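Here is a short briefing for someone meeting this structure for the first time. Take a look at the sequence and the fold, then read on.

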Amino acid sequence: MNYRPQNYNLHRMALYVASLNSGSNGNCYYIGNQDEAVLVDVGISCREVEKRLKRLGLLPQRVKAVLITHEHGDHIHGAPAFAAKFNVPVYITTATLRAANLSLDDSRSIHFTAWQKIQVGKLEILPFPKIHDAIDPHSFIVSGGGVNIGIMTDIGRVCEHVSAQFNRCHAVFLESNYDVDMLERGAYPLALKNRIRNGSGHLSNEEAFDLLNQYRSPGLSHVFLSHLSRNNNSIERVQQTFDVLTEGLEIVVAPRDKETPVFFIDGNRKTEKVPVRVAKSGSQLSLF
Ligand SMILES: [Zn+2]
Ligand SMILES: [Zn+2]
């Protein structure tokens with residue numbers, strides 16, 4: 001394929017991040033420096049990952065590892081194909097691999113445990129446990145160039161690990177799955193409604209807001225609201241909830257069916273007040 005990567009060498013003390021897809025239809029998050037990157041979850045096809053990276057001017061060959069948070073299909077289904085095509089390891093816990101039933105070559109999977117740091121080139125990844133209705137769910141902090149990026153989706157309720165790690169982040173992919181009223185009034189069967197809101201499913205807009213409001217660090221510059229429900233949430237509800245917090249923060253909604261632009265995270269806070277906005281797909285930041 002004929003990739004024309006952008007010049008990502010300008011900023012050495014920073015990380016580049018993008019959501020390639022976010023939602024119950026598939027999750028995939030890119031975090032990298034100028035030389036190497038990781039994908040957290042590959043819940044879209046390998047082909048879509050390649051297509052979206054290409055639109056962003058990012059080389060798939062720069063991806064050196066895939067990290068899996070838990071076994072739900074929207075987080076794993078493209079992982080074996082991507083790992084095989086680009087010859088990269090998949091970091092996954094033993095229990096998650098067993099539950100996932102993935103056709104993953106043994107030699108390709110590396111089993112991690114919570115709190116044991118993973119080194120991928122100059123990137124350092126800290127896996128930590130969270131609450132979600134999966135066998136062995138984890139979230140990650142990816143660190144490099146002095147900044148920490150949190151990937152915090154599929155969280156039933158905020159536990160002490162999530163709040164403590166959130167507090168270290170310069171940028172975070174934060175689940176804002178559902179609006180409480182929309183879920184209540186919506187068409188889902190009661191059992192499914194309860195599965196989502198019973199404390200082991202997903203975070204509501206209000207819960208995500210409280211986490212951000214209480215635990216944001218002074219260095220936090222970007223929040224990517226992630227894993228929004230198609231049926232039980234709306235951009236308007238999310239904007240209403242989060243707009244009061246935009247002072248010094250860029251808050252962007254990660255789309256369910258396309259990629260965000262690449263964002264450059266250097267730990268510098270915004271000075272201007274920008275309303276919560278939905279990311280435009282495929283476009284480059286003016287930085288590049
Ligand atoms: Zn999910
Ligand atoms: Zn899940």
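What follows goes from the overall build to single elements and residues.

This is a predicted model.

**Overall build**

- The C-alpha atoms fill a box of roughly 45 × 45 × 35 Å along the principal axes.
- Of the 288 residues, 49% count as buried.
- Take the contacts between residues at least 6 apart in sequence: 66% of them join residues at least 24 apart.

**The nonpolar core**

- In soluble globular proteins, nonpolar side chains tend to be buried together.
- The largest nonpolar core here has 77 residues.
- Val-17, Ile-31, Val-38, Val-66, Ile-149 and Leu-225 touch the most other members of this core.
- Strand E1 gives the most to the core, with 5 residues.
- Leaving out residues up to four places away in sequence, Val-17 touches Tyr-30, Ile-31, Ile-149, Ala-171, Phe-263 and Ile-265.

**Helix H1**

- Helix H1 spans residues 46–55, and its buried residues are Val-49, Arg-52 and Leu-53.
- An α-helix has 3.6 residues a turn, so residues three or four places apart point the same way.
- The buried residues of H1 pack against strand E1 (15–21), strand E2 (28–32) and helix H3 (79–86).
- Just after H1 comes Gly-57, with a positive phi of about 75 degrees.

**The eight-strand sheet**

- Strands of a sheet pair through backbone hydrogen bonds, either parallel or antiparallel.
- Here, 8 strands form an open sheet with mixed pairing, in the order E7-E8-E9-E10-E11-E12-E13-E15.
- Strand E7 (118–120) and strand E15 (277–278) stand at the edges. Each has a single partner strand, so one side of each is left without a neighbour in the sheet.
- At the E7 end, E7 and E8 pair in the antiparallel sense over 3 bridges. Val-120 stands opposite Leu-123 in E8.
- E8 and strand E9 (residues 138–144) also run antiparallel, joined by 6 bridges. Glu-124 stands opposite Ser-143 in E9.
- At the E15 end, strand E13 (residues 250–253) and E15 pair in the parallel sense over 2 bridges. The bridge partner of Val-253 in E15 is Val-278.
- Helix H9 (residues 235–242) lies across strand E12 (222–226), E13 and E15. H9 runs at about 165 degrees to E13.

**The turn at Gly-121**

- E7 and E8 form a hairpin with 2 residues between them.
- Gly-121 lies in the loop between E7 and strand E8 (123–129). In this turn, Gly-121 has a positive phi of about 60 degrees.
- Is Gly-121 buried or partly exposed? Gly-121 has 15 other C-beta atoms within 10 Å, so it counts as partly exposed.
- Which residues does Gly-121 touch, not counting those up to four places away in sequence? They are Asp-35, Glu-36 and Lys-64.
- The C-alpha atoms of Gly-121 and Ala-37 are separated by 8.7 Å, although these residues are 84 apart along the chain.

- Asn-87 has a phi near 55 degrees, a positive value in a residue other than glycine.
- The place of Asn-87 is in the loop between H3 and strand E5 (90–91).
- Asn-87 has 9 other C-beta atoms within 10 Å, so it counts as exposed.
- Asp-154 is not a glycine either, and its positive phi is about 55 degrees.
- Asp-154 lies in the loop between strand E10 (147–152) and helix H5 (160–166).
- Buried or exposed: which is Asp-154? With 28 other C-beta atoms within 10 Å, Asp-154 is buried. The cut-off for buried is 20 or more such atoms.

Conventions. Residues numbered from 1 in each chain as written. Chains lettered and ligands numbered in written order. Predicted model: local features only at pLDDT ≥ 70, side-chain atom pairs only at ≥ 80, totals over all residues. Buried ≥ 20, exposed ≤ 12 C-beta atoms within 10 Å, placed from the backbone. Helix = DSSP H or I, 4+ residues; strand = E, 2+ residues; numbered from the N terminus. Contact = placed C-beta atoms within 7 Å. Pairing = 2+ DSSP bridges. Axes fitted to C-alpha atoms, helices over the stretch in contact; angles between N-to-C directions. Core = buried A, V, L, I, M, F, W, Y, C linked by C-beta atoms within 7 Å.
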